[in-house]
Every structure is written in structure tokens, then in C-alpha cells.
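Student: I would like a close look at a single part of this model, taken slowly and with the terms spelled out.

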Amino acid sequence: MSVKDIKEMRDMAPFKPFSLHLTSGRTLNLTTADHLLIAPRGDLLVLFPPDGGVCVIDPEQVASVDVKREA
């Protein structure tokens, strides 16, 4: 998954929540666009999970992305 693709999903209007699946097996949920920062060089993602804290992610560790289905 490229940083460009992730940025396009974050910036899509209207925003649709999505999950980042990492190569480690961990899944991180993005509930709002303002909870994901992308470094200007595109070499770092910073995600603020809904339950608090911060996750710093190397974009190469993102294996796939799933858009949440509407209920």
C-alpha cells in the first residue's frame, strides 16, 4: 500500500473510516481524517487511535487497508 493511496483515502470527501492492517498482524482503526498525520517526506505515519495514545508507523509496514462498511 503506497503512502499516496493512504493519503487519498484520508482526504476523501466524505471521509469513510478505514483500518490499516500492518505486516505484524496488528490492525489500527482510523475513525476520522484528522487522526492521521503523514510526514512531508511520506516516510512516516502518525495515527491517534480512538482509545488514546499515538502510533508511529513506517508506511512500508502497512500490508493492506480496509474501508469500513456502512451499517
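Student: Which backbone oxygen lies 3.2 Å from a polar atom of the side chain of R10?

Tutor: This is a predicted model, in which local features need pLDDT of at least 70 and side-chain atom pairs count only at pLDDT 80 or more, while totals for chains, interfaces and linings use all residues. Residues are numbered from 1 along each chain as its sequence is written, and side-chain values use heavy atoms, with hydrogens and water left out.

The backbone oxygen is that of L36, at 3.2 Å from a polar atom of the R10 side chain; a polar contact is a pair of N or O atoms within 3.5 Å, where within protein one must be able to donate a hydrogen and the other to accept it, and residues adjacent in sequence count only if both atoms are side-chain atoms. R10 belongs to helix α1, helices being DSSP runs of H or I with at least four residues and strands runs of E with at least two, numbered from the N terminus. With a relative accessible area of 14%, R10 is buried (buried means under 20% relative accessible area, exposed over 50%, and partly exposed in between, with a 1.4 Å probe and protein chains only).

The buried residues of α1, which spans residues 3-11, are I6, M9 and R10. Seen down the helix axis, these buried residues fall within an arc of 100°, so they line one face of α1; the arc is that of the directions from the helix axis to the C-beta atoms. Their cover includes β1 (18-22), β3 (36-38), β4 (45-47) and β6 (62-67). Leaving aside residues up to four places away in sequence, R10 itself touches F15, F18, A33, L36, L37 and I38, where contact means heavy atoms within 4.5 Å.

F15 is partly exposed at 23% relative accessibility, whereas F18 is buried at 0%.

Five of the five residues of β1 are buried, so the strand is largely enclosed by the rest of the structure.
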